[in-house]
Amino acid sequence: AVGRFVYKKGFNYLIEAIAEVYKMHPNILLILGGDGDLREEWEKLAQDLTIKERVLFVGNIPRDEVICYYNLADVMIAPSIVDEGGNVDGGPVVSFESMACGKPQIVTSVLGVADFVKNGVNGYVVPQKASKAIAGAIIKLIDRPGLRRRMGRNNIRLIRSELDTESIGKKYTSFFQQALRLCKN
């Protein structure tokens, strides 16, 4: 997972999920890229859950190195939530970037990226604040490496066919044209 260490990222739920996964898969390693005000709190959570050695806080990742981390990963997890102030992640770019690297996704239903994730096809969409659901999805992907690879290939195809610059440009152009027509009325 990669992102700012703020509540709306939901990384505390991911750390709790890793504690569950660890019971069945003690070699699990969560790499958290990013930093922020909640780092100490989340490091303490990992320590309290006795998985401190299984959660690697790598700090901010330089833009030109982030792809290396995607390629190290087996899966990308974006456990975003709607925080107490109503703030929500609009759809993290890291999800789309890691899709292009062929990584299956585990995302929450509050993300815009969830519109592109189809359960069992290219990842899993789980409810927000649901550590057990995140853990269940991770375990499925650990236990079924063939499924994990197939989902990754599906994400590469998705990026190439629907999320390339030409396709996105056409969607924006269509949106703007529609907005202009509505504004003329």
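I looked up valine 88 in this predicted model, and I found valine 88 in the loop between strand E3 (76-78) and helix H4 (93-100). Its relative accessible area is 35%, so I noted valine 88 as partly exposed. Leaving aside residues up to four places away in sequence, I listed Lys8, Ile81, Val82 and Val110 as the residues that valine 88 touches. I also checked a pair that lies apart in the chain: valine 88 and lysine 9 are separated by 79 residues in sequence, yet their C-alpha atoms are 8.0 Å apart in space.

Next I turned to H4. Which residues of H4 are buried? I wrote down Val94, Ser95, Glu97, Ser98 and Met99. I then asked what covers these buried residues of H4, and the cover includes helix H3 (66-72), E3, strand E4 (105-108) and helix H6 (145-162). Just after H4 I came to glycine 102, whose phi is positive, at about 80°.

Threonine 50, which is not a glycine, has a positive phi near 60°, and I located threonine 50 in the loop between helix H2 (39-48) and strand E2 (55-59). Is threonine 50 buried or exposed? I recorded threonine 50 as exposed, because its relative accessible area is 60%, and exposed means over 50%. Lysine 129 is another residue other than glycine with a positive phi, again near 60°, and its place is in the loop between strand E5 (123-126) and helix H5 (131-143). With a relative accessible area of 43%, lysine 129 is partly exposed.

How many residues does the largest nonpolar core have? I noted 34 residues, and those with the most contacts inside this core are Leu14, Ile15, Leu32, Ile106, Ile134 and Ile138. The elements that give two or more residues to this core are helix H1 (11-24), strand E1 (30-33), H2, E2, E5, H5 and H6, and H1 gives the most, with eight residues.

Terms used
Residues are numbered from 1 along each chain as its sequence is written. This is a predicted model: local features need pLDDT of at least 70, side-chain atom pairs count only at pLDDT 80 or more; totals for chains, interfaces and linings use all residues. Side-chain values use heavy atoms; hydrogens and water are left out. Helices (H or I, at least four residues) and strands (E, at least two) are DSSP runs, numbered from the N terminus. Buried means under 20% relative accessible area, exposed over 50%, partly exposed in between (1.4 Å probe, protein chains only). Contact means heavy atoms within 4.5 Å. A nonpolar core is a set of buried Ala, Val, Leu, Ile, Met, Phe, Trp, Tyr and Cys residues joined through side-chain atoms within 4.5 Å.
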